[in-house]
Amino acid sequence: MYDSMVDVLIYLFENYMDDEGQPPVDQGELEDELSQAGFSAGEIAKALCWLDELAKGAQTPSYHGHAAGSMRVYAEDECAKLDVEGRGFLLFLEQSGILDPASRELVIERALAIDHPQVSVDEIKWVVLLVLLNRPGREAAFTRMEDLVYNEAPEYLH
């Protein structure tokens, strides 16, 4: 039995979003498949809701730009959920050109929507992949992020 909605998201990504496979068209069939794969009904529902909210946010990003040289300041609730390592990783991704400011804001918003007290760097990596997959024009950034996730190379520590 899997224990979190992030596991459901990873399963969906690896089985349907990463290649040519298509999920069942009927949501009930998809829920049945996920249940048979070992996910609880509650985690399945949370993951599907999370993906629906991601799709809405990717279509209408609420971020409107920033001045050159500006830096993102995190609110108290964001700092509580995203530790120093996670925030540093997001900064690395932005400085590397993998995340643009609008994608970064969507990543932060979706990370805060995960029902854990804190979101790990590994979970942030998956959130970034899912966000970039849903952002038109970010295909090259998605490929670079996919390499980071699957190669597990900690190049951001250099």
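Predicted model: local features only at pLDDT ≥ 70, side-chain atom pairs only at ≥ 80, totals over all residues.
1. The protein exposes about 8,600 Å², of which 51% is supplied by carbon and sulfur atoms.

2. As for the fold, the protein has eight helices and zero strands, so that its pattern, when read along the sequence, is α-α-α-α-α-α-α-α.

3. The largest nonpolar core has 47 residues, and the members that touch the most other members are Trp50, Leu90, Leu93, Val128 and Met145. Two or more residues of this core come from each of α1, α2 (27–36), α3, α5 (84–95), α6 (101–112), α7 (121–133) and α8 (139–151). As a general background to this point, nonpolar side chains in soluble globular proteins tend to be buried together.

4. Leu93 deserves a separate word. Leaving aside residues up to four places away in sequence, Leu93 touches Ile98, Leu99, Val128, Met145 and Leu148; Leu93, Val128 and Met145 are also among the core residues that touch the most other members.

5. Helix α1 (residues 5–17) packs with helix α3 (residues 41–59) at an angle of about 65 degrees, their axes being 8 Å apart, and the crossing in which α1 passes α3 is right-handed. On the α1 side the contact is made by Met5, Val8, Leu9, Leu12 and Met17, which meet Glu43, Ile44, Lys46, Ala47, Leu48, Trp50 and Leu51 in α3. The residues of this contact divide into 10 nonpolar, no polar and two charged. Trp50, which takes part in this contact, is also one of the core residues that touch the most other members.

6. Two loop residues may be read side by side, the one being Arg138, in the loop between α7 and α8, and the other Val73, in the loop between α3 and α4 (76–81). Arg138 counts as buried because its relative accessible area is 15%, which is under the 20% cut-off. Not counting residues up to four places away in sequence, Arg138 touches Gly97, Ile98, Leu99, Asp100, Ser103 and Leu132.

7. Val73, by contrast, counts as exposed because its relative accessible area is 68%, which is over the 50% cut-off. The C-alpha atoms of Val73 and Arg87 are separated by 10.0 Å, and the two residues are 14 residues apart along the chain.

Conventions: Residues numbered from 1 in each chain as written. Heavy atoms only, no water. Axes fitted to C-alpha atoms, helices over the stretch in contact; angles between N-to-C directions. Helix = DSSP H or I, 4+ residues; strand = E, 2+ residues; numbered from the N terminus. Left-handed = near helix turned anticlockwise from the far one by under 90°. Contact = heavy atoms within 4.5 Å. Nonpolar A, V, L, I, M, F, W, Y, C, P; charged D, E, K, R; others polar. Core = buried A, V, L, I, M, F, W, Y, C linked by side-chain atoms within 4.5 Å. Buried < 20%, exposed > 50% of the residue type's maximum accessible area, 1.4 Å probe, protein only. Areas by Shrake-Rupley, 256 points an atom, 1.4 Å probe, with all protein chains shown as cover.
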